[in-house]
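Have a look at the structure first, then read on.

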Amino acid sequence: MSHPTAILVLSAPGPWLILLLALQFLANLCGLKTRGWCRLTLLGLAAAGLLLLPIQGIRIAGWVRSVSASSSVPFIGLLAVAVWEGEFRRKLFSNADWIAAWAFGALAGLGLYPLALGWGNFDPYEWGWSFSPLFAISAVLTALLLWKRNRFGLLLLLAIAAYHLRLLESANYWDYLLDPVYCFVSLLALAIKLGNAARPVRATNV
Amino acid sequence: MRRPGVRWFLIAAAIALNSLPLLRPAHRGAEFSHPAELPAQPPPSRPEPFFTQELINPGSPRAMSHVASICELPDGRLAAVWYAGSREGAPDVAVCFARLPRGQTNWSTPQTILTPERASRELHRAVRKVGNPVIFSDAGGGKLWLLYVTITLGGWSGSSLNLTTSNDGGLTWTPSRRLTLSPFFNLSELVRNRPVPLSDRGWVVPIYHECIGKFPELLWLREGADGLAATKSRITGGRSGFQPALVALGTNTALAFMRDCSPRRLISVAQTDDAARTWSPPRALDLPNPDSGLSAIRLTDGRILLAFNDSDTGRGNLRLAASADEGRTWKRLATLEEEPGAEFSYPFLLQARDGTIHLVYTWKRQAIRHVAFNAAWLNTRQSQPST
């Protein structure tokens with residue numbers, strides 16, 4: 001297991017990136033549309049400053065850590081991609097990459113959480129402690145995505161690397177792959193995509 | 001990824017990294033410690049029947065005391081922990097610790113060893129409440145382990161488990177560390193009963209989940225070259241049997257006795273014959289349970305001793321029952337408390353190396369009572385009818 005201080009520091013990127021994304025959105029709303037490194041640095045510092053603000057003697061980062069020790073590696077990666085794409089207007093992830101990411105978050109979450117919370121006798125969370133079908137499925141899925149040049153595969157590769165380096169507080173591989181916020185956001189994103197797909201296309205006047 | 005060489009390298013890396021855990025041992029698989037592997041037991045110090053009882057914390061300034069556990073130190077002293085405060089779940093609740101010198105009945109003045117503030121500082125998190133401390137000790141090294149729960153938001157279902165240890169008999173404690181045992185915000189993992197030692201010098205601790213469902217689980221603790229490994233497995237799912245008390249009958253066989261919150265109100269038991277890899281479906285015993293904690297140990301004479309509330313409605317009594325046939329039939333042996341409307345709850349049993357049986361429990365929610373007796377005293381007790 002890594003040093004506690006390292007784990008403490010590595011618990012921050014998730015909430016920091018979520019806050020940064022929110023500040024980006026607010027900056028765009030307020031008309032601060034001069035994108036680039038300068039704005040990204042300022043917003044990043046502002047997000048870090050907010051996380052360091054104390055509430056009842058505990059920093060906001062500490063409150064966030066109290067509820068969720070750390071975000072999963074793919075979710076941190078997706079947040080970083082979203083921040084980058086929002087700032088530099090340059091696509092890092094294709095539509096297929098995003099769909100793979102949301103589908104993974106939604107399906108893995110729906111497979112894990114109900115059973116882990118006691119629905120039935122089988123606990124898939126146990127698969128994350130040592131070698132199990134979870135690692136085999138992860139290997140096949142990651143290889144398949146990389147073979148298809150799907151960049152979400154890179155995030156899954158980072159997740160298994162982080163697991164071996166014990167970069168998170170948890171020693172369970174599931175926590176490197178998935179977290180409840182990622183699952184919720186995935187379900188929401190898929191629902192929006194499905195809603196958009198089901199919407200009838202308007203005829204355009206030529 | 002446009003270059004085929006890079007793509008093949010990444011694919012190979014993915015397969016290799018996901019295969020690496022094959023080289024590590026499974027997170028469980030150690031057998032329960034065989035009694036012969038445990039340190040030699042000194043002969044019983046007092047062969048004649050004896051029974052003593054006292055309050056550990058008489059005249060406590062705290063209005064409420066609850067959920068005690070007890071263990072034996074290498075020098076024969078006893079150590080007990082419990083939580084106390086103005087009321088259950090209040091922010092002023094703290095974990096208290098006291099020791100009892102061998103052969104005496106006056107416990108040391110209770111010390112506060114954990115408060116929400118201290119836990120918050122050590123865990124780098126907001127901690128509003130602490131509770132359910134369970135203490136146990138290495139048979140050889142004398143290291144004390146203390147598991148306890150913390151809550152940031154909500155009630156007991158929002159609990160997470162934490163661990164701290166002491167190498168000086170409880171004078172000082174290492175900074176607490178959080179155990180990540182649940183994928184859903186690490187919520188709803190609690191501890192209540194005594195652990196069982198493993199053949200690889202690790203521990204298996206009966207724990208439980210209490211959120212949407214209530215079900216028993218096992219926490220596996222091992223210290224290795226990479227530090228402490230804490231993993232978890234499930235005994236059974238469901239919504240009624242929890243707070244398991246684990247009793248090892250052999251290297252691969254164990255029973256898990258469970259508190260029952262279903263309308264059936266009977267103690268249930270599950271059995272493993274493969275060192276907790278699989279468990280039988282729980283079956284009901286012919287012993288009632290008013291949705292309250294129980295404790296069970298295997299005595300050195302082979303009998304299983306159970307401390308429980310012998311009622312399906314309340315916690316107004318506390319009885320001992322024993323089974324000489326590995327839990328199939330039970331005889332009620334002694335009534336330790338009987339006062340309708342009062343509460344005598346959360347028993348925790350221990351058999352010390354000299355054969356003395358110790359029991360601590362919540363006494364009217366005001367204090368913690370310690371009872372000590374030996375097998376000879378148990379043998380003098382007649383079978384009692386149920387109420």
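Let's start in chain B, where strand E7 (residues 144-151) and strand E8 (residues 159-166) run antiparallel and are joined by eight bridges. One of the residue pairs here is B:Thr150 with B:Ser160, the latter sitting in E8(B). A word on terms: helices (H or I, at least four residues) and strands (E, at least two) are DSSP runs numbered from the N terminus, and two strands pair if DSSP finds at least two bridges between them.

Keep in mind that this is a predicted model: local features need pLDDT of at least 70, side-chain atom pairs count only at pLDDT 80 or more, and totals for chains, interfaces and linings use all residues. Residues are numbered from 1 along each chain as its sequence is written, while chains are lettered from A and ligands numbered from 1 in the order in which they are written.

E7 and E8 belong to an open, antiparallel sheet of four strands in chain B, ordered E6-E7-E8-E9. Strand E6 (129-137) and strand E9 (177-179) each have a single partner strand, so one side of each has no neighbour in the sheet. Helix H2 (residues 116-123) of chain B lies across E6, E7, E8 and E9, at about 75° to E6(B). (Axes are lines fitted to C-alpha atoms, for helices over the stretch in contact, and angles run from 0 to 180 degrees between N-to-C directions.)

Chain B has another open antiparallel sheet of four strands, E15-E16-E17-E18. Two strand pairs of chain B, side by side:

| Strand pair | Sense | Bridges |
|---|---|---|
| E7(B) and E8(B) | antiparallel | eight |
| E15(B) and E16(B) | antiparallel | six |

How do the two chains meet? In all, 43 residues of chain A are in contact with 43 residues of chain B, contact being C-beta atoms, placed from the backbone, within 7 Å. On chain A's side, H7(A) gives the largest share, seven residues.

Over in chain A, which residues of H10(A) are buried? They are A:Val181, A:Tyr182, A:Cys183, A:Val185 and A:Ser186, where buried means 20 or more other C-beta atoms, placed from the backbone, within 10 Å of the residue's own. The buried residues of H10(A) pack against helix H5 (73-88) and H6 of chain A.

As for confidence, chain B averages a pLDDT of 91, with 94% of its residues scoring at least 70; pLDDT is the predictor's confidence in each residue, from 0 to 100. The model scores ipTM 0.90 and pTM 0.92.

Methods: Two residues are in contact if their C-beta atoms, placed from the backbone, lie within 7 Å. A residue is buried if 20 or more other C-beta atoms lie within 10 Å of its own, exposed if 12 or fewer, and partly exposed in between; C-beta atoms are placed from the backbone.
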